[in-house]
Amino acid sequence: MQITDFFNYIEDIYLKIINCNFNKELAKGTLKKKFFEIYMQQDSLYLIDFAKALAITATKSQNIKHFSQLLHFADGALAAERELHNHYFKEFKIKPISIKNKACLAYTNFLLTSAYADSYEESLSALLPCFYIYREVGNSIKKQVSLLNPYSMWIDTYSSKEFSDTVDIMLEITQHAVLDIVADSKKGIRLLNLFKISTELELYFWNDSYITRTANKNRSIKS
């Protein structure tokens, strides 16, 4: 099984992500700050559970190098994103929250359930979209962005060489884990479907931020 099998499997969803209102308006710099605020609040909650899922998955690796790299992602590789959050929380005067909206809760529960219950290969497949999709979206938006875009730091983070290098390592780890699995086997289809579900949840995450503040409160539930 090749890593490109994953990408080909979700091409239609990726196009929806690129063309969703949140990302189109973010690229133009016209996204309302209240939508970006909702997104950043939810993303800060998401990253905590994402790091936990990475750490749990790392413990399943029989490859010492990959074990170490996954732990590094859970601990240090997210530092740039934490810095990004701190920047926007301060600049936009965003208040931290402790309540996840439906998309965030669904996504984090999915990742943690996979990390705890699934095989190493399955857990990696569920985690991979957060790396791959963000790089692709960042690079796509970077081609369109203006110099005065208020979200330039977000765009620069996910289109940076540093982030791309991190994604490449995650792709290498996943490729190593799934290399001997046949793509159209029962196991291979399971991996593809886990990757697809996470990709869909990425789309839902952005869409769930593109709502009014009032509607967000009505749809939120405690984690």
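Which residues line the largest cavity? They are D43, Y46, Y107, C130, Y134, E202 and F205. Before going further, keep in mind that this is a predicted model, where local features need pLDDT of at least 70, side-chain atom pairs count only at pLDDT 80 or more, and totals for chains, interfaces and linings use all residues. Residues are numbered from 1 along each chain as its sequence is written, and side-chain values use heavy atoms, with hydrogens and water left out.

Back to that cavity. A cavity here is a set of points, on a 1 Å grid over the protein atoms alone, where a 1.4 Å probe fits but cannot get out, and its lining residues have an atom within 4 Å of a point. Grid points are joined across faces, edges and corners, and the volume is the space filled by probe spheres set on the points. The count comes to one cavity of 30 Å³ or more, and about 30 Å³ of space lies in the largest cavity. Helix 4 (33–58), helix 8 and helix 11 are the elements that give two or more residues to its lining. Helices are DSSP runs of H or I with at least four residues, strands are runs of E with at least two, and both are numbered from the N terminus. By type, the lining splits into five nonpolar residues, no polar ones and two charged ones; Ala, Val, Leu, Ile, Met, Phe, Trp, Tyr, Cys and Pro count as nonpolar, Asp, Glu, Lys and Arg as charged, and the others, Gly among them, as polar.

Now to helix 8 (residues 120–142), where S125 is found. S125 counts as buried because its relative accessibility is 0%; buried means under 20% relative accessible area, exposed over 50%, and partly exposed in between, with a 1.4 Å probe and protein chains only. A polar atom of the S125 side chain lies 2.9 Å from the backbone oxygen of E121. Beyond its neighbours within four places in sequence, S125 is in contact (heavy atoms within 4.5 Å) with F6, L191, L194 and F195.

Helix 11 is worth a stop too. T199 sits in this helix and, at 0% relative accessibility, is buried. Leaving out neighbours within four places in sequence, T199 touches I10, I13, I17, P129 and I133. D208 is also in helix 11, and counts as buried because its relative accessibility is 5%. In sequence D208 and Y39 are 169 residues apart, yet their C-alpha atoms are 8.2 Å apart in space.

What about helix 7 (residues 102–117)? With 16 residues, helix 7 reaches 22 Å from its first C-alpha to its last, close to the 22 Å expected at 1.5 Å a residue, where the expected span is 1.5 Å times one less than the number of residues. Its buried residues include Y107, F110, L111 and S114.

V182, in the loop between helix 10 (161–178) and helix 11 (186–209), is partly exposed at 48% relative accessible area. K93 lies in the loop between helix 6 (79–91) and strand 1 (99–100), and counts as exposed at 69% relative accessibility. Its phi is near 55°, a positive value in a residue other than glycine.

Terms used
Polar contact = N/O pair within 3.5 Å; in protein donor to acceptor, adjacent residues only side chain to side chain. 1 Å grid on protein atoms, 1.4 Å probe; cavity = no way out; pocket = protein on both sides within 12 Å on 5 of 7 lines; lining within 4 Å.
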